[in-house]
Amino acid sequence: MVSLQPVRGTHDLLVDDKRRHVHVEETARAIAARYGFEEISTPIFEFTEVFARTLGETSDIVTKEMYTFDDKSGESITLRPEGTAGVARAFISGGLQQSLPLKLFYRGPMFRRERPQKGRQRQFHQVGVELLGPDKPMADAEVIAMGADFLAELGLAGKIVCEINTLGDTESRNAYRDILVGYFNDFHDRLSEDSLIRLKKNPLRVLDSKDEEDKAVVAGAPTMADSLNDASRRFFDDLLASLEAVGVAYEINHKLVRGLDYYCHTAFEFTTDALGAQGTVLAGGRYDGLIKQMGGPPTAGVGWAAGVERLAMLVDEPPARPRPVALVPVGADTQDKAFTIAFELRRAGLTVDMGYSGNLKKRMNRANKVNAVAAVILGSEEMERGLATVRDMESGEQTEVPFSELLPHMARYR
Ligand code: ATP
Ligand code: MG
């Protein structure tokens with residue numbers, strides 16, 4: 001007997017859920033297109049090192065969350081937990097440095113073995129953008145503004161805030177790291193085991209801990225702001241000025257660090273309190289070192305990814321699908337004619353619904369159920385006279401229309 005439960009943390013997207021997802025994805029793609037971003041896809045699995053070497057050996061994703069298996073050839077494969085590493089890999093293997101600057105949009109499933117809860121699945125979906133090439137703060141402002149426009153287009157402007165921070169350049173980050181290590185070293189007895197490991201390998205990541213006791217220690221930690229060198233501070237100020245120039249509201253949060261190792265300068269998250277604990281709907285930052293670290297040419301980059309499930313929970317009903325015209329053959333002998341009329345109407349661009357069986361009453365019930373704009377009723381006697389009856393479902397008005405005039409008559413329902 002086959003297990004009929006989907007695997008824990010995975011979900012079917014049945015018609016209504018899928019419609020909401022598609023609405024979120026299409027909105028993202030439309031906004032991205034408006035900003036000049038084009039869609040690409042990368043494989044949903046990659047060699048494990050694509051993620052293991054780039055996301056950071058202390059990140060939650062690499063330490064706990066990856067779906068990794070050995071292929072029959074003995075190679076280690078991982079289902080992608082996020083999109084940026086794959087895009088960076090594709091940039092290098094596709095030799096795309098000739099085409100910089102590149103503005104890329106992607107969407108698709110991601111996989112992380114986390115504890116499933118509301119807004120947290122093991123297979124979930126992201127839409128995301130990457131802007132490769134420019135190293136100026138205006139590029140950061142552009143992708144953040146695009147994120148804000150996307151959320152506004154989904155009707156979420158009032159429900160979401162943009163939190164932003166700077167991690168500075170390498171020099172600033174190193175200075176801050178030393179200060180942080182000095183601070184955290186006084187709290188060895190209170191920090192979680194995970195955080196003690198991070199303290200050794202990547203102290204900034206302690207700031208991102210979700211452990212309650214860690215959070216209490218983090219609350220008193222010195223902030224990045226005091227460690228920024230002039231260049232990093234100017235970068236951040238310019239970014240904020242650009243955001244203000246285009247009316248993007250933000251809140252500075254100096255404790256915001258992103259979970260992955262490859263970020264520098266800008267880090268940001270769009271959060272809501274409408275989803276309980278899983279409040280981050282869109283997050284990203286600048287990752288100038290990533291592509292070089294993977295073995296490619298030094299290439300600046302900035303981008304974000306948004307969780308489609310979380311956004312789908314927040315949006316109102318997506319726009320309804322187009323209302324169909326219902327074809328209603330009455331009697332077996334009109335079925336074939338109705339079938340050909342249905343195709344003619346579809347080829348003329350109308351949405352057509354035709355059931356497979358049933359009498360007039362049953363078929364008209366169905367026409368109501370699918371919210372038809374009009375019904376084309378085809379009785380045997382009328383068919384012999386070369387006519388169909390078109391019923392406008394709004395007004396209830398019925399008109400006899402000769403077959404030859406049916407297409408022009410129906411054009412109003414397109
Ligand atoms: P979180 O702190 O919620 O675990 P994260 O920092 O791991 O988020 P990112 O890697 O930045 O998340 O991914 C970007 C977005 O993808 C998140 O803001 C969220 O909306 C979504 N997301 C991440 N993990 C999941 C998941 N397991 N299930 C559903 N959505 C997710
Ligand atoms: Mg996570």
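Start by selecting T166 and the residues around it. Leaving aside neighbours within four places in sequence, T166 is in contact (heavy atoms within 4.5 Å) with M224, L228, F236 and H265. This is a predicted model, in which local features need pLDDT of at least 70, side-chain atom pairs count only at pLDDT 80 or more, and totals for chains, interfaces and linings use all residues. Residues are numbered from 1 along each chain as its sequence is written, chains are lettered from A and ligands numbered from 1 in the order in which they are written, and side-chain values use heavy atoms, with hydrogens and water left out.

T166 belongs to strand 7, residues 161–166. Helices (H or I, at least four residues) and strands (E, at least two) are DSSP runs, numbered from the N terminus. Is T166 buried or exposed? With a relative accessibility of 0%, T166 is buried. Buried means under 20% relative accessible area, exposed over 50%, and partly exposed in between, with a 1.4 Å probe and protein chains only.

Now show the polar contacts of T166. These are pairs of N or O atoms within 3.5 Å; within protein, one must be able to donate a hydrogen and the other to accept it, and residues adjacent in sequence count only if both atoms are side-chain atoms. The T166 side chain reaches the backbone nitrogen of G168 at 3.0 Å. A polar atom of that side chain also lies 3.4 Å from the backbone oxygen of H265.

L4 sits in the segment before helix 1 and is exposed, at 69% relative accessible area.

H11 is in the segment before helix 1 (15–34). At 59% relative accessibility, H11 is exposed.

Select R29 and E39 next. They form a salt bridge, with the closest N and O atoms 3.0 Å apart; the term means a side-chain nitrogen of Lys or Arg within 4 Å of a carboxyl oxygen of Asp or Glu. R29 is in helix 1 and E39 in strand 1 (residues 38–39), so the pair ties together parts ten residues apart in sequence. R29 is partly exposed at 33%, and E39 is partly exposed at 32%. How many salt bridges are found in the whole structure? The search finds 24.

Colour by domain: domain 1 is 15–169 + 229–314 and domain 2 is 325–413, with bounds from an automatic or database domain assignment. Their centres, taken over C-alpha atoms, are 49 Å apart.

Then select R323 and E394, whose side chains meet in a salt bridge at 2.9 Å, N to O. R323 lies in the loop between helix 11 (308–314) and strand 12 (325–329), and E394 in the loop between strand 15 (387–392) and strand 16 (398–402), so the pair ties together parts 71 residues apart in sequence. R323 is partly exposed, at 29%, whereas E394 is exposed, at 59%.
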